There are 2 protein chains.
Amino acid sequence: MSNDFSGWMRERQERVELALERLLPDAGHIPKPLHTAMRHSTLGGGKRIRPLLAYAAGEIGAADLRHVDNAACALELIHVYSLVHDDLPCMDNDVLRRGKPTCHVAFGEPTALLAGDSLQSLAFECLASDTPGEHPARQIEMIRILAHASGSFGMAGGQAIDLGSVGVDLTLPELEFMHILKTGALISAAVQLGSLCGTELNPEHSNALKRYAHCVGLAFQVVDDVLDATGDSHQLGKTAGKDAEHDKPTYVSLMGIAAARELATDLHQQAIDAIAKLPGSDRLADLAHFILQRTS
Amino acid sequence: MSNDFSGWMRERQERVELALERLLPDAGHIPKPLHTAMRHSTLGGGKRIRPLLAYAAGEIGAADLRHVDNAACALELIHVYSLVHDDLPCMDNDVLRRGKPTCHVAFGEPTALLAGDSLQSLAFECLASDTPGEHPARQIEMIRILAHASGSFGMAGGQAIDLGSVGVDLTLPELEFMHILKTGALISAAVQLGSLCGTELNPEHSNALKRYAHCVGLAFQVVDDVLDATGDSHQLGKTAGKDAEHDKPTYVSLMGIAAARELATDLHQQAIDAIAKLPGSDRLADLAHFILQRTS
């Protein structure tokens, strides 16, 4: 990992926090409970992995940071809306998220439902905002990619497969397919959106980036499964041990912890190899390392 | 009403039905329950008021029908997602919609939640689709308008105010403000999106259209309140009498049925007057009449 990575990461995390803070409606605006709920769930928490991936991918084509800010916010808003809905009683019925009460615990189910819905709308409003110097055709491509990655062929589709897999013996390829949609689609979108903010990549570099995103997306989920099985709720900021409790198939339940850790290491290496010859990709390599090593 | 209005309406309703049928993922695609639920809630029902408004507004600037198709589908998808979420047990807990079991009754709450979420994503994916001859800057403007009208300052915000108004004595201006967000925002967006598909309007015509949309949006809600108080569930295709049962403030509860009917007639007249000098607005006038006269 580069020496200055932690400084870079902190700076970008603060940057996206400030951008989200500005983008989200003030809690004093009517309807106040809804806006308060949206801010509660979005601000002051999370590792901001998807924004970080967008900023890192933007560095390859020397993207204007103000353009990446919009992509970073939109990605995080989609991620947060999915957490808010995933925590609802009819889904995971979870009470703790990012070290705080979940949205429906703090504001009630109806407001949490609407907060998630509104965060999704805001993500697309943000990507469609009038940003000086941004190319409209690129903006539309980014909206199309994010919408596809969020919907039934992406994140929401992965969650639907997840619902149907409780208590079911999935094979490893089936588990992988579920996670490629559930987590991988938005992580790949983060890398694509970031790179679309910079100068256009040649097909070889673009493919390298796709392979990187695929491997990092899966590695992220394998590490998540390991942390759920081995971490504690306080450290994670969310309820640990949920997967086993809900009888969900995971990399840990299918392979055991040792093999899952080995798989994460392999995927990390594949991600690094994919971008070895891609100029300007140092931050992406750092992020792959950070994702592998993370403890929360 | 023009002689051929019912033929025009039927033709446009069939057109948007076909476009939605093509746009929605096939029910055979994985995850099948999610895609089946999305189709169940979207296809084969509803008056398609928002698409009809978009087609009618498109006629002012002689819009290419293929461009309006995308706007019409996106508007209907947002409307349908809001119905699916609004029917959930934590919201209105409704069992009947468009004469069919509601989404969560037919597919379970988690799938209904994800179906609503995915329909919202699909709306933006549709507006961001690659349509020959469409101007990218216009497309972005349409996405921005639809996202704003759907979110916390539009439809979802109106629903949040609605939540907080149960058992509360709202004043008429407060009720109006709620409905301007809850119903009016998407109806105004329909008129704006349709007109953006055609040649650019001058400011005078554009303002006329805004006044029309404002009045029609309110008239629609006043008629809705009257129908809820006087109609039967079979004819409406949804549960009648819900407002009184849930102790929700409505135009009927605040003014009585006779005065609410009079208000709807006034708003209809204001809508007609607003576009009296707007060339090509015959269909919009017809639609205002249809909205006033509807019985379901």
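Student: Before we turn to that part, how many helices and strands are there in chain A?

Tutor: Please keep in mind throughout that this is a predicted model. Chain A has 15 helices and 2 strands. Its C-alpha atoms fill a box of roughly 50 × 50 × 35 Å along the principal axes. For 296 residues, a compact globule would have a radius of gyration near 19 Å, and the 18 Å of chain A agrees with this. Of those 296 residues, 53% are buried. If one takes the contacts in chain A between residues at least 6 apart in sequence, 74% of them join residues at least 24 apart.

We may now turn to the place where the chains meet. Here 44 residues of chain A are in contact with 44 residues of chain B. On the side of chain A that touches chain B, the elements giving two or more residues are helix 2 (32-42), helix 6 (109-127), helix 7 (136-150) and helix 8 (155-164) of chain A. Helix 6 of chain A gives the most, with 12 residues. Sorted by class, this side of chain A has 25 nonpolar, 15 polar and 4 charged residues.

The next point is how the two copies are related. The same surface serves both copies, since 100% of the contact residues of chain A recur in chain B.

Let us then consider the nonpolar core. The largest one has 183 residues, and those with the most contacts inside it are A:L146, A:A219, B:L146 and B:A219. As an example, one may follow B:L146. Apart from its neighbours within four places in sequence, B:L146 is in contact with B:A74, B:I78, B:A123, B:L127, B:A189 and B:L193.

In general, most residues other than glycine have a negative phi, and most peptide bonds are trans. In the loop between helix 1 (5-23) and helix 2 of chain A lies A:P31. The peptide bond that joins A:I30 and A:P31 is cis, with omega about -5°. In chain B, B:P31 lies in the loop between helix 1 (5-23) and helix 2 (32-42), and the bond from B:I30 to B:P31 is cis, with omega near 0°.

Beyond helix 2, the loop between helix 2 and helix 3 (49-60) of chain A holds A:R48. Although A:R48 is not a glycine, its phi is positive, at about 60°. A:R48 counts as buried because 22 other C-beta atoms lie within 10 Å, and the cut-off for a buried residue is 20 or more. Another positive phi, near 50°, belongs to A:A62, which is a residue other than glycine. A:A62 is found in the loop between helix 3 and helix 4 (65-86) of chain A. With 10 other C-beta atoms within 10 Å, A:A62 is exposed, as the cut-off for an exposed residue is 12 or fewer.

Definitions and conventions: Residues are numbered from 1 along each chain as its sequence is written. Chains are lettered from A and ligands numbered from 1 in the order in which they are written. This is a predicted model: local features need pLDDT of at least 70, side-chain atom pairs count only at pLDDT 80 or more; totals for chains, interfaces and linings use all residues. Two residues are in contact if their C-beta atoms, placed from the backbone, lie within 7 Å. Helices (H or I, at least four residues) and strands (E, at least two) are DSSP runs, numbered from the N terminus. Ala, Val, Leu, Ile, Met, Phe, Trp, Tyr, Cys and Pro count as nonpolar, Asp, Glu, Lys and Arg as charged, and the others, Gly among them, as polar. The radius of gyration is taken over C-alpha atoms; the globule rule is 2.2 Å times the number of residues to the power 0.38. A nonpolar core is a set of buried Ala, Val, Leu, Ile, Met, Phe, Trp, Tyr and Cys residues joined through C-beta atoms within 7 Å.
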